[in-house]
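Here is a friendly note to read with the model open beside you. Take the points one at a time and find each place as you go.

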Amino acid sequence: MKLFKKITFSALAAVFAVTASFAGAASAAGSLSGKITVNGSTALLPLTLQAAKEFQRMNPKVRIAASGKGSVTGPQAVKKGIADIGACDWDASIDVPGFKAFSGQVANKVAVIPFATIVNKNVGVDNLTTEQLKGIYSGKITNWKEVGGADADIVVITRAFGSGTRVNYQAKALAGGDIVKKEKNYKETGSSGDMKTAVATTPNAIGYIDLVYVSGDVKAVKYNGVAATSENVINGSYKIWAYGYYMTKGQPTGAVKAFIDYVQSKKFQQGSLKKLKFIPISAMK
Amino acid sequence: MVQPTYDSTPAVNGSLHSKGDSGKRHVRHLLANTFARYYFLFSILALCLVLGLVIVFIGKTALLLLGQISPADFFLSFNWTPEEDKFGAAAFIINTISLTALTLLISVPVSVGMAVLTAEIAPVWLKRFVRPILDLLVGIPSIVYGYLGLTVLLPLLRRASGESLGDGLLAAALVLALMVLPTIARISDDAITAVPGKYRDAAYALGSTRLQVILRVVLPAAGRGILAAVILGMTRAIGETMAVVMVIGNTPQLAKTLFTPASVLTSNIVMQISNVEFDSTWNYALHMMAFLLLLISFLLILVIRFLGRKRREG
């Protein structure tokens, strides 16, 4: 057993030494080196990945790790100290319906995210009003013919509770209306990608997603007669959009601040961010 | 594996050489044996520790739930509306059990049949063809099965049943059955191959047909192995998450028909765990569901083992 103890001890010692050296490296880091961890919204993920790529090219010593799950994981990860930046589709430093404020966190606006109502390609309807959407999601309207389509059951696809897309869609497109679970023809998906696949492969399906993800597989419908485009968001006629935020513990410093500054910079906002179909924050003022 | 062999062959070899050499050999073997013994002991202890930690940590968070809501509310209520502080998990528990049962109902006959085919009936070239394919199928990540279920199986089910969604227990059970099929088939195959040839010879000598030999002699003799295969398949089915999430519909309600969009323990946990605040009743409820999953699979394994033993004794 003695040998055993020795092995365990030396292994532990090695682990400690490695950890210590990493910690040392991190604390000795200059202003623009180190590691930035970004966690949270899948809606903001394409933007974060693109920004990280460009930022790392300019600052080779900085490493950025980004991943996405649901919006609320962002501020939660920041609270727990797992992530430096929590990407969130709402301002998590104040109360929103269903979620309490994360105290001590600062919300940094980084983008405007437009959301779109999408339907399967076989659906003939291409415009829906607020009242119609409310009816569909509350379970009062169950057939497409009630909103001017063919005689077919509506398949409602929605995101799980806690998704930022859902929070914003419910607040803006449904004007705070309920999303009610139904006996049949109701399905929840876990991420923006799943939502798109589900709507694309299910005939008569309706769902919602951020505009960035909309492509030829699904059809984006007009909202109260207004098409879901960046121009209509900017000129104020299309209402379903929200600011995307980077949540940080206190005011950002060092490499984290530099990264957020880069994302907010004119160069990125007018360049890559626009190309990704997000909208620059300055456009909304 | 290192075995204490220094009193057989190495000693004979050693005696041909000098005495010192044989002594060194002896010491080397002794060391190797001691090391191996400690290594195995360490592995077993590490495994127990990890398993214990999993149970303790999940259990600890799970039991916090009981301070917040009553067990009756959790286990007997069908109302899962966490937004309104209603945490009834009965529907998930029943769905999980029925999904596992349905999966086994579909996959066990097929996979044991395949095992009989590859082990007893098929010509050598077919065996060489089927076995590697089954091995490959085991290694495919479950999310791939889920995606195929979503894009290929669901449209087929929709066309066949006339449903407009198609998600539900049947879709999930079919996907799971395909996933556990290679596991059950390959392990049963090994069990059947391991049945001594003399049993078959004796049965044939008594004038049995091939079917009689397989049904009356080979399958009962391989029973324990096949049972182990079914247990492995079952534990995979009950804990499988990613594939199920994509085809079951994720609606927290009791599955009254095979096509009702429903939710099982695993799919509900994975859909919600990341969107839930850490210190909330909701989080404790999800941990309780995970703990329950542990208990259910543990209980099912016990039951099946017990049944297996009874049948062998009877």
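1. Please keep in mind that this is a predicted model. To find the pairing, look for A:Gly86, whose bridge partner in S11(A) is A:Met247.

2. S3(A) also has strand S1 (residues 34–40) of chain A as a partner; these two run parallel and are joined by 3 bridges. Here you can look for A:Val38, which has A:Ile85 as its bridge partner in S3(A).

3. Are the faces of S3(A) covered or open? Both are covered: A:Ile85 and A:Ala87 lie on one side, A:Gly86 and A:Cys88 lie on the other, and all of them are buried.

4. Now move to chain B and its helices. Two packed helices are described by the angle between their axes and the distance between the axes. The axes of helix H6 (residues 142–161) and helix H7 (residues 169–193) of chain B come within 10 Å and cross at roughly 135 degrees, so H6(B) and H7(B) are oblique to each other. The crossing of H6(B) past H7(B) is right-handed. Contact residues include B:Tyr145, B:Gly149 and B:Leu153 from H6(B), and B:Leu174 and B:Leu178 from H7(B). By class, this contact has 10 nonpolar residues, 2 polar and no charged.

5. A second pair to compare by eye is helix H4 (residues 90–121) and helix H10 (residues 223–239) of chain B, which pack at an angle of about 140 degrees with their axes 10 Å apart. H4(B) is therefore oblique to H10(B), and the crossing of these helices is right-handed. Among the residues that meet are B:Thr100, B:Leu104 and B:Val108 in H4(B), and B:Val230 and B:Met234 in H10(B). Their contact has 8 nonpolar and 3 polar residues, with no charged ones.

6. Finally, check the backbone at two asparagines. Most residues other than glycine have a negative phi. A:Asn185, however, has a positive phi near 55 degrees. A:Asn185 sits in the loop between helix H5 (164–172) and strand S7 (186–189) of chain A, and is buried, with a relative accessible area of 10%.

7. Which phi does B:Asn250 have? The value is positive, about 55 degrees, although B:Asn250 is not a glycine. You will find B:Asn250 in the loop between helix H11 (242–248) and helix H12 (265–272) of chain B, where this residue is buried with a relative accessible area of 2%.

Notes. Residues are numbered from 1 along each chain as its sequence is written. Chains are lettered from A and ligands numbered from 1 in the order in which they are written. This is a predicted model: local features need pLDDT of at least 70, side-chain atom pairs count only at pLDDT 80 or more; totals for chains, interfaces and linings use all residues. Side-chain values use heavy atoms; hydrogens and water are left out. Buried means under 20% relative accessible area, exposed over 50%, partly exposed in between (1.4 Å probe, protein chains only). Helices (H or I, at least four residues) and strands (E, at least two) are DSSP runs, numbered from the N terminus. Two strands pair if DSSP finds at least two bridges between them. Axes are lines fitted to C-alpha atoms, for helices over the stretch in contact, and angles run from 0 to 180 degrees between N-to-C directions. Angles under 35 degrees count as roughly parallel, over 145 as roughly antiparallel, 65 to 115 as roughly perpendicular and the rest as oblique. A crossing is left-handed if the near helix is turned anticlockwise from the far one by less than a right angle, and right-handed if clockwise. Contact means heavy atoms within 4.5 Å. Ala, Val, Leu, Ile, Met, Phe, Trp, Tyr, Cys and Pro count as nonpolar, Asp, Glu, Lys and Arg as charged, and the others, Gly among them, as polar.
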